[in-house]
Amino acid sequence: MSSTVLAVPPEDCLGDFDELLLTDHMAWLPEWHPCCLKGLKDIAPATVQWVQQELGYDAATRRLGGIAALFTLMVAFRHPLGLPFGVACVEADPVLQFAALQGPKWGSGSSQRVECWVLVSTEAFAEQCLAEQPLSQTSSAGHTEYRPQEDGYLRADPADMMLNRFLERTQGLGTTAQVPQVLYRRCQRWGAAYARPRPAPASPGDAMDNLGECWRVPATRIYSAGDYVCPVGVQRAVDAAARSGLAAAEHMARDLLWGGPTT
């Protein structure tokens, strides 16, 4: 779907396509962001504005306040740590909230076992990192620019802090007393990872067709579904995304069967 296709009257905006389903909240971000859906603001400016308000877009930080941030760390150790668990929730820790063993893997051309873990940061730690290196910046010309992830940064400060915290919390739990040799480590920045709990949505008026567990851009067959759409009451993001997606699928099927948007 290109921006040129969307830059036409709403009733014709999908061209040869029957339906469009938006499952990522980043489609609704301002157009400086590389993940926004170009042209959406042209055909539905009031809708874009309502969604940004609903998801708590903050012009000062240039982020959606209703979407939480996370950092993940992928780390590979030369030898197994011998920990008595493969999955762990980390309680009362400022840096880590979850750790998962990816299963011992064989190094390429080597008979030695390599053990890989994925570590998930706390929201507070991610916010601290984003405060130090934001997702966007203002150019010398006064324009907002997206700041891509820099490999040197992701392999340095956040990675070191998360790795060191993991080793501190697991010290004495493994079968080896040696300091493990790290073969690989790299963070992934998730500036908008999952929807935070929020109050019931404000009435969109004519800006959006609020269908309960999914949204539809008025006068179009453009739907929005995901954990950020499903109303309050569904606590788990996976459940919320599934329910929202099913609701959107039902409405889209009715559109195709009955020849137009239904309620």
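**Burial, packing and backbone angles in a predicted model**

Author: The cover over the buried residues of helix α3 includes α2 (40-43), β2 (57-58) and β13 (215-216). The model is predicted, so local features need pLDDT of at least 70 and side-chain atom pairs count only at pLDDT 80 or more, whereas totals for chains, interfaces and linings use all residues. Residues are numbered from 1 along each chain as its sequence is written, and side-chain values use heavy atoms, with hydrogens and water left out.

Reader: Which residues of α3 are buried?

Author: In helix α3 (residues 45-54), these are T47, V48, W50, V51, Q52 and E54. Buried means under 20% relative accessible area, exposed means over 50%, and partly exposed lies in between (1.4 Å probe, protein chains only). α3 is followed by G56, whose phi is positive, near 70°.

Reader: How many helices and strands does the protein have, and what makes a stretch count as one?

Author: The protein has seven helices and 14 strands. Of the 263 residues of the protein, 41% count as buried. Contacts (heavy atoms within 4.5 Å) can also be sorted by sequence separation. Among those in the protein with a separation of 6 or more, 67% join residues 24 or more positions apart.

Reader: Why is α4 described as roughly antiparallel to α6?

Author: Two packed helices are described by the angle between their axes and the distance between the axes. The axes of α4 (residues 123-132) and α6 (residues 157-170) come within 11 Å and cross at roughly 155°. That angle makes α4 roughly antiparallel to α6, because angles over 145 degrees count as roughly antiparallel (under 35 is roughly parallel, 65 to 115 roughly perpendicular, and the rest oblique). Axes are lines fitted to C-alpha atoms, for helices over the stretch in contact, and angles run from 0 to 180 degrees between N-to-C directions.

Reader: What is the handedness of this crossing, and which residues make the contact?

Author: The crossing of α4 and α6 is right-handed; in that case the near helix is turned clockwise from the far one by less than a right angle, and in a left-handed one anticlockwise. F125, Q128 and C129 of α4 meet P158, M161 and M162 of α6. By class, five of the contact residues are nonpolar, one is polar and none is charged. Ala, Val, Leu, Ile, Met, Phe, Trp, Tyr, Cys and Pro count as nonpolar, Asp, Glu, Lys and Arg as charged, and the others, Gly among them, as polar.

Reader: Why is S136 called buried?

Author: S136, in strand β9 (residues 136-138), has a relative accessible area of 3%, so it is buried. S136 touches W32, T61, R62, T144, E145, Y146 and R147, not counting residues up to four places away in sequence.

Reader: What makes the pair of S136 and R62 a polar contact?

Author: Their side chains are joined at 2.5 Å. A polar contact is a pair of N or O atoms within 3.5 Å; within protein, one must be able to donate a hydrogen and the other to accept it, and residues adjacent in sequence count only if both atoms are side-chain atoms. R62 is found in the loop between β2 and β3 (63-64). At 17% relative accessible area, R62 is therefore buried. R62 and T144 are 82 residues apart in sequence, and their C-alpha atoms are 8.8 Å apart.

Reader: How do you know that H25 is buried?

Author: Its relative accessible area is 7%, so H25 is buried. H25 is in the loop between β1 (20-22) and α2. A polar atom of the H25 side chain lies 3.5 Å from the backbone oxygen of A192. H25 touches L55, L64, I67, A192 and Y228, again leaving out residues up to four places away in sequence.

Reader: Where is A219, and why does it count as exposed?

Author: A219 is in the loop between β13 and β14 (222-224). With 59% relative accessibility, A219 counts as exposed. Phi of A219 is also positive, near 65°.

Terms used:
Helix = DSSP H or I, 4+ residues; strand = E, 2+ residues; numbered from the N terminus.
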